Amino acid sequence: MDISLNMGHVPMSEVETSTPDGSESSAGQGPRLNDLPLRATSNRTARMIASQSPDGTAASVARGDATLAEELGLLIDGATTYAIYMLDPQGRVTIWNRGAERIKGWAEAEIIGRDVAIFYPADDIAAGKPEADLARAHACGRIEEESWRVRKDGSEFLAAVTITALHDEAGALRGFGKVIRDITHEKAAEAAIVRREHHLRSILNTVPDAMIVMNENGIVASFSAAAELVFGYTASEVVGQNVAMLMPHTDARDHDAHLRKYRHTGERHVIGNVRLERAMRKGGETFPIELAVGEAPIGGERIFTGFIRDLTNRHATERRLKDLQSELVHVSRVSAMGTMASTLAHEINQPLTAIANYLEATRAMIGDGDDPLLADVAEALDLAAAQSLRAGTIVRRLRAFVDGGDTGFRDERLDLLVEEATSLGLLGAHEAGITVTRHVAPGDVMVLVDRIQIQQVLVNLIRNAIQSMACSPCKVLTIATAPEREGCMQITVADTGTGIDTAVRARLFEAFATTKEDGMGLGLSICRTIVEAHGGRIWAEGVASGGTAFHFTVPLAPLPEGETHD
């Protein structure tokens, strides 16, 4: 606000200092607003007032001057949110409005004639700021700044300050007009808003999901740092463009139409829902995303905020898990065939040995005669016995290979081993309504195992547990590890299924024993073979609340010399 008000055109030497009762005011009090007559030689003001008077006389001009001064005083006093006051050329207060009283605390009688330095903090006074401010205003005509000021009670406040140098028509300095506004709370509110904006921006910049803000026409207004990483564009390349540039061409073609339809009908296509869509990176590559879009009205305009999660890695992980599961199923089949081969080798080896013995006995009974026919029979018996022995040797070698192959035992972290196996075995468990509870020993527990084989055991037990709970009203699967005995850890897979009959449980780990209508009866037999090859044992127990708990043990990895297992 400019406070020149044209009042400064009155030379200070012409200001009347008499009070209304005729007594002279003290020099230190200075003139009041109502005591300041407009300069009689102001031709423009005189002509304006005279033109409104019937007779246009000097008396009419004087009466107009008094009325204008009174109205001007009312106007200044009415500005209660602004401290408006005037200074003489030496910086002493000459006029003081009601807003100044309210903001600074001094009454008019207390402050008239006081030096302007009283309003400055002590540090500013020591630095000569009061005099410097007036000198700058004199040189520049007017200055505006934000600085600290002092109230009567000593408290400080941040003020928006305007100082205007007032000159008469001859150019002589008449004094200064000052307008002060308390902006302490305003600046505090602005600072709070800035802090909240920085806080919000820091949060949005660290959110792993991409965030895009657009207006109701689909024009991008904000593009987060995560969005830059996901799409490959910089914010400057996207802001101001249609968001359709981030979509495959088939979706981009219909996007604007969907927005127009939503604006006119309110029918939602994506807004308010979480959907699986496809997006397009800068290089043209399309990829799967999970998209959630929210809407908010701001300043009479609707804005849309989209949160995008890149599902590329998730889908790749799911594919790898499925491939690994298929591989484990294949390994399970191969292992089943190996177990079957080992069993057959053991069973077939005895009859082959008996056949060879019978053939050799028959050959001995024939002896070495001169009969050509018997000689041919003897030769055939020798050949048959040799082939029987050869077959027995092949079977023994097959059994030795199955039972004593390279195990690949390594020191493995038990928690990681269990986590990898459960991530495979639990595929589809959530959709089946199964609740999974884990109680796994911390990561410093190491076991000496063939990781693939033990994971095969776990996957088999977990899949069996899930199948056993297919018709159970309560579906809880528990996976736990705990010390079993010195040097061994116990792994448990428990379910709340239908349970297993005691008679069946006794032969559960035998080959071809099964409780499934379409089962081969080899899975648990293979599990027993693997566990026993590790020096452990496997068994099943009924659960009091229903269901079955399968337990098996694996050896702890040996510790360095001098350390012991807790």
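Reader: Which residues of helix α16 are buried?

Author: This is a predicted model, where local features need pLDDT of at least 70, side-chain atom pairs count only at pLDDT 80 or more, and totals for chains, interfaces and linings use all residues. Residues are numbered from 1 along each chain as its sequence is written, and side-chain values use heavy atoms, with hydrogens and water left out. Buried means under 20% relative accessible area, exposed over 50% and partly exposed in between (1.4 Å probe, protein chains only), while helices (H or I, at least four residues) and strands (E, at least two) are DSSP runs numbered from the N terminus. Helix α16 covers residues 523-533, and its buried residues are Leu524, Ser525, Ile526, Cys527, Ile530 and Val531.

Reader: What is the relative accessible area of cysteine 527?

Author: Cys527 is on the buried list of α16. Its value is under the 20% cut-off, so cysteine 527 counts as buried, at 3%.

Reader: How many disulfides are there?

Author: A disulfide is a pair of cysteine sulfur atoms within 2.5 Å. By that rule the count is zero.

Reader: Where is threonine 548, and which residues is it in contact with, leaving aside neighbours within four places in sequence?

Author: Threonine 548 sits in strand β17, residues 548-555, and is buried at 3% relative accessibility. Contact means heavy atoms within 4.5 Å. Leaving aside neighbours within four places in sequence, threonine 548 is in contact with Val493, Ala494, Asp495, Gly499, Ile500, Ala540, Glu541 and Val543.

Reader: What pLDDT does the protein average?

Author: pLDDT is the predictor's confidence in each residue, from 0 to 100. In this model, 75% of the residues score at least 70, and the average is 78.
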